[in-house]
Amino acid sequence: MFRILEKKVSEYLMKLQPRVKGIILVIISTMLWGVSGTVAQYLFQKKGFSPEWLVVIRLLVSGIILLLYAFIKSKQDLWIIWRSKHTILSLILFSIIGMLGVQYAYFAAIKYGNAATATILQYLSPVLITCYLAIRTKKMPNLQEITAVVLAMLGTFFIITKGNIHTISISRLTLFWGISSAFAAAFYTLKSHSLLAKWNSTIIVGWGMLIGGIAFSFVHKPWNFTGQWSITSIFAVIFVVLFGTLIAFYCYLESLKYIQPTEASILSSVEPLSAAFLSVLWLHVPLGMSQWLGTACIIFTVVILSRAKNKESIVEF
């Protein structure tokens, strides 16, 4: 199914200008990521699924399929990465702290809150990266970066308090896991830099998902399932694994052939918007004016930092 869809997409994109291709692909990928978060919320809050089970299944299945795809399409040696002693430790840390950490923390934030809030809080990761780079390089952030940090803090304030300093509008668990997902996403981004400089991205992410899934299997067995199966929930799980992981990742990688990474990062601000809109329209999650204002602040933060990163190199962990 994945190969058939890839062929159809490729045939359509051949008719478009390269830059238009890239823009369409990155928007598709980020919208799928945002929608999959809302679908996961439906599974957690309407069907009684656990984040633990969905995470371990998503990582194991996606990891296996991505590695098989890399082997079948490109005939790549999947084991070559394990022959480098320096790479092994980085790959394990990337897989468990980065890949597994960001997936579980994000889904846990959805379970205790909603997809819109979880996605928005996760988008604080560019701020964390900016602060880390400032400390690591001993260089003060520029005006753009300082503005972005202020906007991110202001956006978070509006989201968790609804503009009232005396109240917190989301649960402490939602806030904890949402911020944790931002830290994990920042680690994931920084740690992947050295790996992607040496190895194919499909292999890195494929192994990252598989290792993360195997590691989490010791915490939550894949066969330990709770929830209500139905036609709707089956399609929801398939969507999260297939569209929200495999196809979204493939489209994002393909977009980088046609547009700059900075442009892709800017366009990825579609993700929190798609999660927020779908949560409101489908699951009837109430978002007030202050929370929409907070969302706008976070999105502007991502845009500002994406433009700023175009001028500086990334320092890894």
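Me: What share of the contacts in the protein chain with a separation of 6 or more comes from residues 24 or more positions apart?

Reply: Before we start, keep in mind that this is a predicted model. Take the contacts in the protein chain with a separation of 6 or more, then pick out those between residues 24 or more positions apart. Their share is 86%.

Me: What percentage of the residues in the protein chain is buried?

Reply: Buried means under 20% relative accessible area. The protein chain has 317 residues. The buried ones make up 51%.

Me: Is Ser90 buried or exposed?

Reply: Ser90 sits in helix 4. Leaving aside neighbours within four places in sequence, Ser90 is in contact with Lys191 and Leu195. Its relative accessible area is 15%. The cut-off for the label is under 20%, so Ser90 counts as buried.

Me: How are helix 4 and helix 9 oriented, roughly parallel or roughly perpendicular?

Reply: Helix 4 covers residues 85-112 and helix 9 covers residues 201-217. They pack with their axes 8 Å apart, at an angle of about 75 degrees. Angles of 65 to 115 degrees count as roughly perpendicular, so helix 4 and helix 9 are roughly perpendicular.

Me: How many charged residues are in the contact of helix 4 with helix 9?

Reply: On the helix 4 side, the contact includes Leu91, Phe94 and Met99, and on the helix 9 side it includes Ile204, Trp207 and Phe216. Sorting the contact residues by type gives 13 nonpolar and four polar.

Me: How far apart in space are Ser192 and Leu93, C-alpha to C-alpha?

Reply: Ser192 is in helix 8, which covers residues 172-198. Ser192 is buried, with a relative accessible area of 8%. In sequence, Ser192 and Leu93 are 99 residues apart. In space, their C-alpha to C-alpha distance is 9.8 Å.

Me: Which residue just after helix 6 takes a positive phi?

Reply: Helix 6 has 13 residues, and from its first C-alpha to its last it reaches 18 Å, close to the 18 Å expected. Its buried residues include Val127, Ile129 and Leu133. Just after helix 6 comes a positive phi of about 55 degrees, and the residue that takes it is Lys138.

Key
Residues are numbered from 1 along each chain as its sequence is written. This is a predicted model: local features need pLDDT of at least 70, side-chain atom pairs count only at pLDDT 80 or more; totals for chains, interfaces and linings use all residues. Side-chain values use heavy atoms; hydrogens and water are left out. Axes are lines fitted to C-alpha atoms, for helices over the stretch in contact, and angles run from 0 to 180 degrees between N-to-C directions. Helices (H or I, at least four residues) and strands (E, at least two) are DSSP runs, numbered from the N terminus. Angles under 35 degrees count as roughly parallel, over 145 as roughly antiparallel, 65 to 115 as roughly perpendicular and the rest as oblique. Contact means heavy atoms within 4.5 Å. Ala, Val, Leu, Ile, Met, Phe, Trp, Tyr, Cys and Pro count as nonpolar, Asp, Glu, Lys and Arg as charged, and the others, Gly among them, as polar. Buried means under 20% relative accessible area, exposed over 50%, partly exposed in between (1.4 Å probe, protein chains only). The expected span of a helix is 1.5 Å times one less than its number of residues.
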